[in-house]
Amino acid sequence: MRAFTTETAAVGFELEQLVTGYWREVDANDAANITDYFTEDCKYRGGTQLNFTGKAGITKFYDNVRATRDPARIVRHTVMNVHVDVHDRNSGTVNYIIVTYAKSGTPPIPGLTGPSQVTDVRLECRRGPDGMFRISDFYGNAVFIGGESLINQLPKGAADQAARG
């Protein structure tokens with residue numbers, strides 16, 4: 001068990017809000033402003049399939065997702081088991097589980113049998129000169145993959161091509 005001071009509790013809350021804001025941006029705004037959540041020199045990695053550097057790489061990834069997915073595909077993300085490690089006032093690590101639900105159709109969509117993916121995530125975050133926390137290193141490792149997983153929706157080689165690009 002850990003003890004928090006007033007300052008570390010406030011920083012922890014900021015980091016939790018960064019995580020929930022990120023996934024709200026993905027679900028509610030189709031990730032249109034997703035690069036606002038990242039540092040200029042960020043890394044975005046997912047297992048062995050995704051490896052992007054910088055905001056340009058993240059933009060390419062999300063542009064590719066929007067361009068290649070079924071337009072009727074609905075996605076929602078649930079953040080669970082959040083664990084925040086505050087390093088200091090300007091940096092911290094957030095570990096959590098993201099549970100993704102996805103299916104094509106018009107809500108409410110019948111027939112969902114379970115999550116499309118369950119992923120362990122680790123974020124390294126740092127505060128910028130503007131006082132806002134941003135993600136400097138995003139690492140996700142899929143634990144369970146269902147038939148509607150984004151990994152199964154990307155065209156063969158799309159992640160590799162975007163990473164090189």
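I started at Phe38, which stands opposite Ile135 in β6. I noted that this is a predicted model, in which local features need pLDDT of at least 70, side-chain atom pairs count only at pLDDT 80 or more, and totals for chains, interfaces and linings use all residues. Residues are numbered from 1 along each chain as its sequence is written, and side-chain values use heavy atoms, with hydrogens and water left out.

I then checked α2, which packs on the sheet and touches β1 and β2 (contact means heavy atoms within 4.5 Å). The direction of α2 makes about 50 degrees with that of β1 (axes are lines fitted to C-alpha atoms, for helices over the stretch in contact, and angles run from 0 to 180 degrees between N-to-C directions). Helices (H or I, at least four residues) and strands (E, at least two) are DSSP runs, numbered from the N terminus.

Next I took the pairing, which requires that DSSP finds at least two bridges between two strands. Strand β1 (residues 38–46) runs parallel to β6, with 5 bridges. β6 (residues 133–145) is also joined to β5, antiparallel, by 11 bridges. Arg122 has Tyr139 of β6 as its bridge partner. I found 5 residues between β5 and β6 in their hairpin, and Gly131 in the turn has a positive phi of about 90 degrees. β4 (residues 91–104) pairs with β5 (residues 117–127) in the antiparallel sense over 10 bridges.

Last, I wrote down the order of the open sheet of 6 strands: β2-β1-β6-β5-β4-β3, with mixed pairing. β2 (50–53) and β3 (73–88) each have a single partner strand, so one side of each lacks a neighbour in the sheet.
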